[in-house]
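Please keep the sequence and the model in view while reading.

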Amino acid sequence: MAFVTNDVSIGDSEPRELLFDKHVEYIANHGNDKNDYEYCMTEFLRMSGIYWGVTGLDLMGQLGRLNRDDIVDFIRKCHCPVSGGVAACEGHDPHILYTLSAVQILCIYDALDEVDTEAIARYVGSLQQLDGSFFGDKWGEVDTRFSFCAVAILSLINKMSVINLDKAVDFVMSCCNSDGGFGSKPNAESHAGLIYCCVGFLSITDQLHRLDCEKLAWWLCERQLPSGGLNGRPEKLPDVCYSWWVLASLTIMGRLHWISAEKLERFILSCQDGETGGFSDRTGNMPDIFHTLFGLGALSLLGDDRLRKVNPTFCMPQYVIDRCKVQPKTIVL
C-alpha cells in the first residue's frame, strides 16, 4: 500500500495577504457577547484567552483597543490570596498555566505592581517536587509544560531563587528522547509543543548547550508537509499553532532557515477567515483566538513588517521583554 501523507490542500481562493484590519476587529470584539456559546464554554481557560488576545493586539500595535483597567481588575479577582496562584476565572482553582498567562498580561501592561509577586513566587516554588519537576496545581499532574511555566513566571518577576534550578534542569533533560525531542515526562513521545516548552525552558535557564541541536532541528524540520504547514508529530495533520511551536524552537536554536518560510507563510495565510478575521487551525476551519495569536506570532518570526517583533521564548512582544530586562538565550550560528 502506498504511503499516504496527512495534509491539506490550499485552493487559489484562499487568502494570500495578511488581513490585518479584520484580525484587529476579530480580537477586539472577542468575548463581547457574554451569552455566546463559545465564550461560556471556554470559562475554564479565560485567563489564557485574554493573554492570547492582548498579545495578538500588541503585536499588531493595537493594544489600546482593549480596556486595560478591566483586564487588570479581572486578574486581581482571580489571584488566590491563600495559595498565591492565579486561576483561569473567578471561582476556579489556581493553576500554573493561568498564573503564567496573568503574569504575561501584567508585563505587557507594565502592571506587575498590581499583584503580590512574592505570593506568586511562593506558589510556584510550592509546586516543585523532589525530582525537580513541577505540579500544575495542587492535584499533582506533572508535565514539562509546567517546568517552562515555572521558570517563565519567575524570570518575568525576578524571583528565580525560590526553586532548585539544578534539579529543574535535570528533570527536563530526563525527558529528552533518542530523536532529540522532548515529551511531557520521561519516556513520553516527542511532541513539537513540548519541545518548545523544553527549549524555551533551556533558553531561560541558559542551558541550551545541553541540546543536540542538529538532531532536534532535523526532527522539527521533518514536521513540514507538502502544503507548507507544520504538524506536531509524524503522521498528523498540519496546524497553525505548530507554526509557532516549531518556528520558535528553530529560532531559539538559530535554525529558522532550515524550513521553507515561503511555503509555511502561504499555509498560515490560507487559514485566515476572510469574513470575520482570525486564524483557524487549518485551511477552511473556523477561527479561534488561540490560533489567531500563534498565526500572528509565527508571521512575526517570519519577518512580516506589519507586526511587531515577537520574542520566541516567551511569545510576547520583544519590546516588553526588553523593558522587563529579561534575557532569554538563543543560539547564533
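The structure holds 13 salt bridges, a salt bridge being a side-chain nitrogen of Lys or Arg within 4 Å of a carboxyl oxygen of Asp or Glu. The model is predicted, so local features need pLDDT of at least 70 and side-chain atom pairs count only at pLDDT 80 or more, while totals for chains, interfaces and linings use all residues. Residues are numbered from 1 along each chain as its sequence is written, and side-chain values use heavy atoms, with hydrogens and water left out.

| D12 | R16 | 3.7 Å |

D12 counts as exposed because its relative accessibility is 72%, and R16 is partly exposed at 43%.

D58 lies in helix α3 (residues 46-59) and R308 in the loop between α13 and β1, so the pair ties together parts that are 250 residues apart in sequence. Helices here are DSSP runs of H or I with at least four residues, and strands are runs of E with at least two, both numbered from the N terminus. D58 is buried, at 0% relative accessibility, whereas R308 is partly exposed at 37%.

E118 is partly exposed, with a relative accessible area of 41%.

Attention now turns to a helix. How far apart are the end C-alpha atoms of α11? They are 19 Å apart, which agrees with the 18 Å that its 13 residues (240-252) should span at 1.5 Å a residue; the expected span is 1.5 Å times one less than the number of residues. At the N-terminal end, D239 caps α11, with a side-chain oxygen 2.9 Å from the backbone nitrogen of C241. This is a polar contact, that is, a pair of N or O atoms within 3.5 Å; within protein, one must be able to donate a hydrogen and the other to accept it, and residues adjacent in sequence count only if both atoms are side-chain atoms. After α11 comes G254, whose phi is positive, near 75°.

Twelve of the 13 residues of α11 are buried, so the helix is largely enclosed by the rest of the structure. Among them are W244, W245 and I252. The buried residues pack against α9 (192-204), α10 (213-221), α12 (261-270), α13 (289-301) and β1 (310-311), where contact means heavy atoms within 4.5 Å.

The largest nonpolar core has 112 residues, and those with the most contacts inside it include W244 and M253. Such a core is a set of buried Ala, Val, Leu, Ile, Met, Phe, Trp, Tyr and Cys residues joined through side-chain atoms within 4.5 Å. Helix α11 gives the most to this core, with ten residues.

Definitions and conventions. Buried means under 20% relative accessible area, exposed over 50%, partly exposed in between (1.4 Å probe, protein chains only).
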